[in-house]
Amino acid sequence: MFIPLIKNMLLRSSFLLVTLLTSIVLFGQNPNSKAWTAFEKNFEVTNVGNLHLFAPTASQNNADFTFYGTPIDRGLYRLFSANWRDELPHDFNTYALYKIRYGASDAYLLRFQGPGTQNMIGLFTKEDDQLVYIQTLASYYCNDSMCWQMDSWLQDFDGDTRLDILKKARVVQFTLMGAPIDEYTQVLKQNNDGTFSPTENFAISLEDYQFETIEQ
């Protein structure tokens, strides 16, 4: 009479063991799957044609700012690679802007606000289940004598259907009536694998790409 009972208990134990092992395998494959789902929901997916990115000034840092974005829950900060988290203070805030095509995958435009972040907008990708910093696209900060500003334009400059980047940066010194004392421009071509390389092969009228006005 005990044999059927024992068989039934063995079958149930085997089923539970298989279920447990399956769960462990699935968890081991992507322990952050729920976090990524929650992270992705914050983004506006857009087909960027010619996007001018600029960081907020002190007075623009509110919900009316063009690139204010959607606040990211702090519990999702674990998705950032450790080296990025270590470089920023513990009290910074992150805002989701856009998810765009990046080679054969996606990239994320994120805005950061808080001490040490310099009101920046950065480009990130997903690598090995982590958000990895690629480069800064916009930044704005001031000290007692000058301001630093970087703007970027995302555009397909060479007609290969991949977004390239035009960066312009300048330093404005208050003692010179707001005149720039230093300025540089860089064009980055997006390669097949999504990486970017500096290039001078584009015929671009730089005067058509103007900084967002600095407040003083």
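I took a cavity as a set of points, on a 1 Å grid over the protein atoms alone, where a 1.4 Å probe fits but cannot get out. A volume is the space filled by probe spheres set on the points, with grid points joined across faces, edges and corners.

The model is predicted: local features need pLDDT of at least 70, side-chain atom pairs count only at pLDDT 80 or more, and totals for chains, interfaces and linings use all residues. Residues are numbered from 1 along each chain as its sequence is written, and side-chain values use heavy atoms, with hydrogens and water left out.

**Largest cavity.** I read its volume as about 50 Å³. Its lining (residues with an atom within 4 Å of a point) includes I100, R101, Y102, D164 and F196. I sorted the lining into seven nonpolar, one polar and two charged residues. β4 has the largest share, three residues.

**Strand β4.** I then followed β4. Strands here are DSSP runs of E, at least two residues, numbered from the N terminus. Eight of the 10 residues of β4 are buried, so the strand is largely enclosed by the rest of the structure. Buried means under 20% relative accessible area, exposed over 50%, partly exposed in between (1.4 Å probe, protein chains only).

I checked its partners; two strands pair if DSSP finds at least two bridges between them. β1 (residues 44-45) pairs with β4 in the parallel sense over two bridges, and E44 stands opposite Y98. β3 (residues 70-71) runs antiparallel to β4, also over two bridges, with T70 partnered by A96. β5 (residues 105-113) is antiparallel to β4 over nine bridges. There, Y102 has S105 as its bridge partner. β4 and β5 form a hairpin with two residues between them, and G103 in the turn has a positive phi of about 65 degrees.

**Second largest pocket.** A pocket is an open set with protein on both sides within 12 Å along at least five of seven lines. I noted about 160 Å³ of space in this one. Strand β10 (residues 180-190) gives the most to its lining, three residues.

**Disulfide.** I counted one disulfide, taken as a pair of cysteine sulfur atoms within 2.5 Å. C142 and C147 form it, sulfurs 1.8 Å apart. The S-S torsion is about 100 degrees, so the disulfide is right-handed. C142 is partly exposed at 38% relative accessible area, whereas C147 is buried at 1%.

Notes
Helix = DSSP H or I, 4+ residues; strand = E, 2+ residues; numbered from the N terminus. Nonpolar A, V, L, I, M, F, W, Y, C, P; charged D, E, K, R; others polar.
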